[in-house]
Amino acid sequence: MPLLNVQIMQGHTAAQKADLLNAASNAVVESIAAPLSSVRAVLHEVPAEHVIVAGEIGKRMARVDVDLIEGRDEAKKAALIAALNQAVCASLDISGEDVRVILRDVPKTDMGVANGLSAKAAGR
């Protein structure tokens, strides 16, 4: 059950934001073979004056935080990081240098899934 929280600068069009959400969801499915039905993504827009990157206020950036049920190997995680970076770049037309992806493994006992069960109790 990958959960994505995506932070971007304000000012992108509705179409760009929809493209980003779709591309990020597809990146998860294609890179780690997660079922689309289990992918959740939330987009947060940040005013430019609330961001500093490399000493520059308002520099374009994106950050993708991903919470995953534990158990994926390093190769799958690397593939996910690369796929999400590419999804952001293609959707928002920003440099991959300005994108950060952070993965967090969540123990199966600590991730709630459908109907209030832990991932472990649900057999994941």
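## S91 in helix α2

In this predicted model, S91 is buried, with a relative accessible area of 10%, and the residue belongs to helix α2. Because buried means under 20% relative accessible area, the value of 10% places S91 in that class. The side chain of S91 reaches two backbone oxygens, that of A87 at 2.8 Å and that of D19 at 3.5 Å.

## S31 in helix α1

Another serine, S31, is found in helix α1 and is also buried, its relative accessible area being 13%. The side chain of S31 reaches the backbone oxygen of A27 at 2.7 Å. Leaving aside neighbours within four places in sequence, S31 is in contact with K76, A79, L80 and A83.

With a relative accessibility of 44%, D73 counts as partly exposed. The side chain of D73 reaches the backbone nitrogen of A75 at 3.2 Å, while the backbone nitrogen of K76 lies 2.8 Å from a polar atom of that side chain. Although D73 and I32 are 41 residues apart along the chain, their C-alpha atoms are separated by 9.7 Å.

## The sheet and the helix packed on it

Four strands form an open sheet with mixed pairing, in the order β2-β1-β5-β6. Strands β2 (residues 40-46) and β6 (residues 99-106) stand at the edges and each have a single partner strand, which means that one side of each is left without a neighbour in the sheet. On average, and with direction ignored, neighbouring strands of this sheet are turned by 15 degrees against each other.

Strand β1, residues 3-9, pairs with β2 in the parallel sense over 7 bridges, and within this pairing Q7 of β1 has H44 of β2 as its bridge partner. Helix α2, residues 74-92, packs on the sheet and touches β1, β5 (residues 62-69) and β6, with its direction making about 140 degrees with that of β6.

In soluble globular proteins, nonpolar side chains tend to be buried together. Here the largest nonpolar core has 23 residues, and those with the most contacts inside it are L4, V28, V64, L84 and V88. At least two residues of this core come from each of β1, α1 (residues 14-32), β5, α2 and β6, and the largest share, 6 residues, is supplied by α2.

The surroundings of L4 can be followed residue by residue: not counting residues up to four places away in sequence, L4 touches A24, V28, V39, R40, A41, V42, V64, D65, V66 and L84. A second, separate core has 6 residues, including I69, V106, V113 and A119.

## The annotated spans

For "domain: 4-oxalocrotonate tautomerase-like", UniProt lists residues 2-56 and 64-114, in an unreviewed entry. Over residues 2-56 the chain is 35% helix and 31% strand, and the end C-alpha atoms are 32 Å apart. The span of residues 64-114 is 37% helix and 27% strand, and its end C-alpha atoms lie 23 Å apart.

Definitions and conventions:
Residues numbered from 1 in each chain as written. Predicted model: local features only at pLDDT ≥ 70, side-chain atom pairs only at ≥ 80, totals over all residues. Heavy atoms only, no water. Pairing = 2+ DSSP bridges. Axes fitted to C-alpha atoms, helices over the stretch in contact; angles between N-to-C directions. Contact = heavy atoms within 4.5 Å. UniProt positions renumbered as here; feature names shortened; annotations may be inferred. Core = buried A, V, L, I, M, F, W, Y, C linked by side-chain atoms within 4.5 Å. Buried < 20%, exposed > 50% of the residue type's maximum accessible area, 1.4 Å probe, protein only. Polar contact = N/O pair within 3.5 Å; in protein donor to acceptor, adjacent residues only side chain to side chain.
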